[in-house]
Structures are given as structure tokens and as C-alpha cells.
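Thank you all for coming; I would like to take a few minutes to walk through one model with you. Please have the viewer open while I talk.

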Amino acid sequence: MTALVIRGGHLIDPAAGIDSLKDVLLKDGRVAEIAAPGKLKPADGAEVLDATGLTVAPGLIDMHVHLREPGQGYKETIATGTAAAAAGGFTSAAAMPNTAPVNDSPEVTRWMLAPERGAVIRVFPIAAATRGSKGETINDFAALKSAGAVAVSDDGLPILKDSVMRETLAAAARVGLSVIQHAEDTRLTQVGGKNASMNLGPTSFRLGLRGWPNEAESGIVERDIRLVSELRDARAHLHVAHTSTAAALNAVRQARRNGLRVTCEVAPHHFLLTDEHVGFYDTNAKMCPPLRAAADRDAMIEAILDGVVDAIATDHAPHAVHEKEVEFENAPNGITGLETAFGLCLHWLHKEWKMPLGRVLSLLSAQPAALLNLKGRGTLAVGSFADVVIFDPRAEWTYNARQTKSKSRNTPFDGWKMQGKVRWTISEGRIAYKSEV
Amino acid sequence: MNPTATPARRQLHPPPVPASPFPYHPGSLLSAQDLTLDCVSHILARATVLESQDPLARCRILAKRRVALLFYESSTRTRTSFELAAKGLGADTTLVSSLSSSIEKGETLKDTGLTLRALGAEAIILRHNSSGAAWLLESETRLPVLNAGDGMHEHPTQALLDLRTMLAHLRPGTETLTPETLAGVTVTIVGDILHSRVARSNMVLLPRLGARVLLCGPKELLPELAAQAGPGIAVERDFNAALHQSQAVMMLRIQAERLAGQQLDLEEYKANYQLHGPRLAAHAPTAIVLHPGPIIRGLEVTAGVADGPQSVILEQVRNGVAIRMAVVERALTASQQGGRA
């Protein structure tokens, strides 16, 4: 296999405690050597990337994406979704199971991992917790894990029944998998066959849209934490997906103080936007959970800065243009996020809100790697996978959704200012993305 | 820590909320919020002129212009009055309703709108069961769109005809509207506020003229946060107390089709919120009684009140034709002047 040398860059690897100028040698898909600038032995035939003035960091890890395959290739394929991920600096993406069919079997898991899918970065399937994600019958987690699943979730839907959630947490703990909960009490959000389509509040009242109360999220999170605390198995790990309410964050914060293994992620849209961004029925501001009130959005920012939030995850949810060009309440939930997450995090968390770069990178790499137990990722320590993002932290640019590598462009961040331009994304030693500049 | 507060030690400036995403066609009427008071004055003045004009002269104003009525929900008053209004100005109208068109076959609102435009429609009057549908149709067709009711959101021409009705009784002779025109006037809107587009349009229009709007109803149909919908709006659960303060009372139908599984005790509702003769006589003997229709006699109002001397319900219906003539004229003449900004 070819070797790659990254020369002259500033290496930031929070997990390894490195923050200085280093040259990096990648060989056979792994990090082979890290040395002071100019000290690496020139390897025969190694390609050299000049990273002078650039930052070199562990490839980003998105623990929550929807790649839409199998079954919904018109929205996204594993090939296009991973291409968009690579353009966004990601080298790993954990794919949610709400595909068609639902990824509730080792066959689907293996199908997603097959080389024919054309992934340009590493895909980690998250398997369905229950058969068909119907919340009734628990899947065979051991079989799913050996097929390649890294966690279980019924994302898009909650595991609603107490008994089923309790059993899911226990069974997942036995095989060492995390349970990722989509915390939505559908008894409060789907009333009489009508779905709530945005946050419940003055804006939903004004727009005449059915509202999603905060309690529908926080109630499930509180219930789940209670179940974790009742389980004697200390290995039970609850991870709260796309946290959007202050009450849910507080529950997570409290659970952690009580020594429970409860973690959470927040999506960029939930720490940047509020329900007022729905504007005049902008279906690109419709997702589940919905954009919340300013107080909740501010609580997300605080919790990220305070370290309560364990990971930034995009909840990348591509939908075809025609699916979003409909009445707001009929539009599907979700927005794309893989190409905008890093630029938004650098612009807002780092530049505007002064979060140290290493901590931002950690939220996007080392921490999600730890949550999903991805060994050898989220760091560039010698021997780790050669998953690298090389970016210009000072470059400012504007996102243009029409140039996306995703099949879809349903984003509220079209035309937004981004900080930090990805120059190269390297997945296990292969260049997965190279910017045109 | 208080989860709702941002500590002062951090100066966080989150991204601002963007303004209106696209400029509307100047002839469109999507929300009562969009109309300036000058604009409302002009519409009311044109309604008066058009109403009294010789029908044969009037029908030359929009002779052979094409107006489409696109109705996804049933309607008696709104559809008929829009149709009579457009025809009264000489326009050709065509009615597309969801039950007798390709909408039944799954055609989207976008495609239906583009089809009507290709057929020569110069403006579309839309009644739709989804809130915000008028914005979608506007952005996709770039035609003047008149919102004839979108889901639970707005029904701006109803607010205009209600205003015309109220002004005739409470401020006769008013020509130019100001932020004080309805100062001192309290209008109570009663009943199913949650699902009412009529209430929302009136709530955004009336306070801009100085009126105070009281919302009255049980919490299932009137959430507390309705009071935050804008300035000049308050919630008063006690119907008698609200009536006592009101010069106009607007009764709403319970929208069973939008209740979505909610259970409502109708007997209890009637006991608390029905407008009947003794209640009206005791608490608001001089107030006018409005209702956007359809009325369910014996539920929100008794027959005696609906047919009684304080009722202006049929006047509202008559005003509907005049207001809609003015609005249809505005839609088609604004487009002649150069279209979208």
C-alpha cells in the first residue's frame, strides 16, 4: 500500500495531547510515525501533502447520519452520503437503521458494509433495537454486533414501552453496545393521527401549526434514565440522540452526577437555530426534534461549552427536493448536515464563542469515537487508523447547497458563512476528498 | 443552574432570525399582517366604490381576466363570494376543488398551481387545509395568491370584511384608518381559537387599529400562549366578564374536523361559552354579534341570538363580496404594474 506524508502542518490531536507542528507518516492505512517537522525519513514513493499553514487533526466522526440505503437511493446513497461526509471533513459516519427495509438484521448490516456500496469513508451501521423499529420485539444484538453494528437505536421513532426499553438496555449491555434513544413521546406529538410539525410555543400558535411540547423529549429521557438506574448492570449505556431541550440536558447532567452512563449529542441546528427560523413555513427548517425556543437553544450552547454535551452529531437527513416542496405539515422531517457541521462549529463554537479548537475537534472526533467504542479512531496516535482531516482554520467561505455532493440539498444553512476550509480528508490512508483550491 | 438563562459571563450572539424569505407578489394577500393600514384603508374604500358601482360598468374592470379558485376544503360563503366578486368585475373564473380534480389522483399543490398558471390563470384564490399552503403556492407559481383560508393559520379577507362590518357599527364614516381608529373598542373572540384562522387574522389586524382583543374559551381550545401572539391580545376565560367589556363579540364554530381526537364535553361547553339571549342581554346588551359561519345553531349561538337584532352575521356575508371585489381587483392590477419586487 502507498504511503502518505503530511508535511508542515499543525497537528492537533486532543486525545493524544498533541498541539504543535508535526509531520505525519501514514502507511498501510495506519499512522506510522509522527515527528518534528523535517525529521521524517523520506519514504520511497510516498505521496507528500504540503500542509504548511494548515491544521492536521483526527478525521471527524459523525455518530448520527441517515444514508438512506437500502431502499431510498433517490434521497441519498451510501456513496453520495459518504462523499458529502468526506467533503465535510468526516472519516467515519454511523448510519441509522431507518432504511427500507429497516436495518434490523445482520444481512442488511452486512449489505451496507459491502464494498459495492462505494463508501469513500468508513460507515458504521447502527442496527435497529427492535424488529422493524416497531418498538415491540428486541433484535439479536449479538448477531448484529458481529455483523458490524456499533450501537442499537430505533431512531426516527422512540422505544416507547418501559418494558421494551428496559430489556433493550439490558440486552445491549450484555453484548457491549450502546442504546441510542430518539426521545419523543409520540403520545404527545402524534395526536389523533395528526403529527406535530414544529416546536410548541407562540410561533407554532401564530403559524397555526401543531406543536411538539418539550416534555415529549424530556419525559422520555427522564424515563430512560430511571430505567438505567434501575438496571444493576453497570455497563448499560444510554445515549440521547439529537438533544433539543434544556430539560433533557438537565436530566442528563443530573444522571451523570449520579454516576450513570448517560451521554448525549447535540446537532448544529439545535445550538444555532430557533423555532422562529421556520419563518414562513420553510420546510428546510423542519426536523425531528424540531427547532426549539431561544431559551432551549441557549441551553444547548451552554451545555456544549460546559462539557455536558458529549458529541456534536449532524442527524444528516437528506430528502429529495420534491419531498420538501410541499405543505409544511406534509413535508418529511430532516435536513442535511454533513457538509456544514464543521464550518458551523468552527465559526460559531470556536470563533464566535471562543471554545478552544481542540475541544471543538474532540466533540467531533475523539468523543464520538469513545461513545461508539471505535478503537483506533478519533486520534492520530501511532498505530491508529489513518483517518485525517487537513484544513485551513482561517479560511472563511460561504456554503452553496447547489454544489453539494449529497443527492439532496435540504438545508437551512444555504448561503451561511463557514469557518475553516477542508483541504484533504484521508480515510484509512486514502484521500477521500481533496478541495479544488 | 437555571437552564433558561444565559449567564452574563458569556456574551453569546447567536445567529439572527432572517426576515421574510422572499418578496411577495404585490397583488398577493397571504396574511392580514402584510397589509399596511394605508393598504387596508384603500381596500375598504375600493370595496365601497365597487359595491355601489353600476354592474355593467364594473364588469369592464377585469373583463376576461382569468382568476382560478383552488379549493381543498368545502366552503359556501368564501367560495361563492370570491366567485361573485371576480365575476362582478368581469373576470372569467374557474373552480378547481380537491374532490373533482387531479388532486384526487395525487397531484401536488405545486403542480396544480403551475398547471393553473399554464392555463392562463393570472391570480389564484386558495383555500387549503394546511397552514402555510398559500406561501408555498406563491413561491412556486409567483402569481398573486389570495389566501382564502390556510389550515389553522389565516383568513385575511375574513378579517377585512369583519373590520368593515365593525367599522360600520362602531365607527361609522371612517375613511382613513389609523392606529387609534378602534381605540377603546374591545372585541371578544369566543370558542375554538386554537383551530381558527379567522381568529388569527383578526388578532393580527384589530390591535393595529387600537382595538383590544379578548380571547375566550376553554383551555383545550384556547392555549394560554395565545396571549403571546401579539400586542393588544389577552385571554379571558370568563365569558360573562369578557362580554361585559366588549363592543363586538365574535363567535366561532367548534371545528370538529380539526379536533384530532380531543374530547370536548359539549354540554359543559354550551354552559360556559354559548351565546344565548339572557347572557347577551345581561352582559352586552349593545354589542354587535359576529360569526364567520358556518353557524351551528344551538351550539355556540342560539337561534334567537343569530337571528336577533344585535346579530350582524348576514351583513358580514354581504360585506364579503365587496371586500373580495377590492382584493381581486388589487391582485390583478398590482400585477399589471410590474409584478414582483
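Let me begin with a definition: a polar contact here is a pair of N or O atoms within 3.5 Å, where within protein one must be able to donate a hydrogen and the other to accept it, and where residues adjacent in sequence count only if both atoms are side-chain atoms. By that rule, seven residue pairs, both members at pLDDT 80 or more, are in polar contact across the interface of chain A and chain B. This is a predicted model, in which local features need pLDDT of at least 70 and side-chain atom pairs count only at pLDDT 80 or more, while totals for chains, interfaces and linings use all residues. Residues are numbered from 1 along each chain as its sequence is written, chains are lettered from A and ligands numbered from 1 in the order in which they are written, and side-chain values use heavy atoms, with hydrogens and water left out.

Staying with the interface, a salt bridge requires a side-chain nitrogen of Lys or Arg within 4 Å of a carboxyl oxygen of Asp or Glu, and the count between the two chains is one. That salt bridge joins E325(A) to K110(B), with the closest N and O atoms 2.8 Å apart. If contact is taken as heavy atoms within 4.5 Å, chain A contributes 36 residues and chain B 45 residues. The buried area, meaning the accessible area (1.4 Å probe) that two parts lose on being put together, summed over both, is about 3300 Å², and carbon and sulfur atoms give 62% of that. On the chain A side, F205(A), F280(A) and E302(A) lose the most area to chain B, together 23% of what that side buries.

Now to the aromatic residues, where rings of Phe, Tyr and Trp (its six-membered ring) pair if their centres lie within 6.5 Å, with planes under 30 degrees apart counting as stacked, over 60 as edge-to-face and the rest as tilted. Over all chains, a search of the whole structure finds 12 aromatic pairs. One of them is the edge-to-face pair of Y281(A) and F328(A), at 6.4 Å centre to centre and 70 degrees between the planes. Helices (H or I, at least four residues) and strands (E, at least two) are DSSP runs, numbered from the N terminus. Because Y281(A) lies in the loop between α9 (268–272) and α10 of chain A, and F328(A) in the loop between α11 (321–324) and α12 (341–352), this pair ties together parts that are 47 residues apart in sequence.

In chain B, the rings of Y24(B) and W135(B) are edge-to-face, with centres 6.5 Å apart and planes at 80 degrees. Both Y24(B) and W135(B) are buried, and together with F280(A), Y281(A) and F328(A) they form one aromatic cluster.

F328(A) is also among the residues in contact with S197(A), along with L209(A), R210(A), K286(A) and E329(A), once neighbours within four places in sequence are left aside. S197(A) itself counts as buried, at 4% relative accessibility.

I will finish with the backbone. A cis peptide bond joins A100(A) and P101(A), with omega about 5 degrees, and another joins G293(B) and P294(B), with omega about -10 degrees.

Key. Buried means under 20% relative accessible area, exposed over 50%, partly exposed in between (1.4 Å probe, protein chains only).
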